[in-house]
Every structure is written in structure tokens, then in C-alpha cells.
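Look at the chain as a whole before turning to single residues. The paragraphs below go from the one to the other.

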Amino acid sequence: MRTEVMDYIRAKKMLQSFIREQPRWYRTLAREPQKLADFERAARHYYEQTIPQKVEKIANSLEMASLMWNMFRAMRD
């Protein structure tokens with residue numbers, strides 16, 4: 001694998017973990033280093049770091065907080 005690609009992966013812990021869990025990417029990047037963007041996109045999707053996934057997590061948290069607040073108000077009354 002090219003040293004630039006390895007340096008880029010080593011600089012980011014998430015990518016290091018992902019390449020260890022998904023060794024097929026090591027082979028892919030060794031043959032086609034231009035797929036580095038695809039690799040990073042796959043890692044973000046795997047670790048649920050994409051914007052839609054983050055928005056969904058926040059929405060779920062707000063929904064849970066609202067539910068808890070409504071339960072608290074119902075118990076108080």
C-alpha cells in the first residue's frame with residue numbers, strides 16, 4: 001500500500017479501526033488507492049458518523065426526553 005494512504009489512515013483512529021475490522025479494504029486500497037474516499041465513506045457509515053445518522057440520533061434523544069418529561073408531568077398531577 002502507498003505510504004501516503006497508510007499515513008492518512010494512521011492519522012485517523014476511526015479509519016485504523018475500520019481497516020482492521022474490514023481487511024478487504026486493505027486489499028482494495030493496495031490495488032486502487034484512488035478509492036480512499038470510498039473507504040472513508042464506508043467507515044463513516046459503519047460507525048454511524050454520517051449526517052443523516054447523527055440527525056436521527058438527536059431526534060431519538062429529543063423524543064426520549066420529551067417522553068420522559070411527559071411522564072414526569074403526568075406523575076406530578
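A residue counts as buried when its relative accessible area is under 20%, as exposed when that area is over 50%, and as partly exposed in between. Ser17 has a relative accessible area of 31%, so Ser17 is partly exposed. This residue is found in helix H2. The terms buried and partly exposed will return further on.

The model is predicted, and the predictor's confidence can be given residue by residue. The mean pLDDT of the protein chain is 93, and 100% of its residues reach 70 or more. Confidence is highest in helix H2, residues 13–21, with a mean of 96. It is lowest in helix H5, residues 51–76, where the mean is 92.

The secondary structure consists of five helices and zero strands, and the order of elements reads α-α-α-α-α. The radius of gyration is 20 Å, whereas the globule rule gives 11 Å for 77 residues, so the chain is more spread out than a compact globule. Along its principal axes, the C-alpha trace spans about 65 × 20 × 15 Å.

How many of the 77 residues, as a percentage, count as buried? The share is 19%. The accessible surface of the chain comes to about 6200 Å², and carbon and sulfur atoms account for 56% of it. The chain also carries charged side chains, 15 positive and 10 negative, and the centres of these two sets lie 4 Å apart.

Contacts show which parts of the chain meet. Taking the contacts between residues at least 6 apart in sequence, 49% join residues at least 24 apart. Which residues does Tyr46 contact, leaving aside its neighbours within four places in sequence? They are Phe18, Glu21 and Gln22. With 41% relative accessibility, Tyr46 counts as partly exposed.

Helix H2 also holds Gln16. Is Gln16 buried or exposed? Its relative accessibility is 16%, which is under 20%, so Gln16 counts as buried. If residues up to four places away in sequence are not counted, Gln16 touches Ile9 and Arg10.

The last stop is a loop. Glu48 lies between helix H4, residues 36–46, and helix H5. Most residues other than glycine have a negative phi. Glu48 is not a glycine, yet its phi is near 55 degrees, a positive value. The relative accessibility of Glu48 is 41%, so this residue counts as partly exposed.

Note on methods:
Residues are numbered from 1 along each chain as its sequence is written. This is a predicted model: local features need pLDDT of at least 70, side-chain atom pairs count only at pLDDT 80 or more; totals for chains, interfaces and linings use all residues. Side-chain values use heavy atoms; hydrogens and water are left out. Helices (H or I, at least four residues) and strands (E, at least two) are DSSP runs, numbered from the N terminus. The radius of gyration is taken over C-alpha atoms; the globule rule is 2.2 Å times the number of residues to the power 0.38. Buried means under 20% relative accessible area, exposed over 50%, partly exposed in between (1.4 Å probe, protein chains only). Contact means heavy atoms within 4.5 Å. Accessible areas come from the Shrake-Rupley method with a 1.4 Å probe; for residues, only the protein chains shown count as cover. Lys and Arg count as positive and Asp and Glu as negative; His and the chain ends are not counted. The place of a charge is taken as NZ of Lys, CZ of Arg, CG of Asp or CD of Glu. pLDDT is the predictor's confidence in each residue, from 0 to 100.
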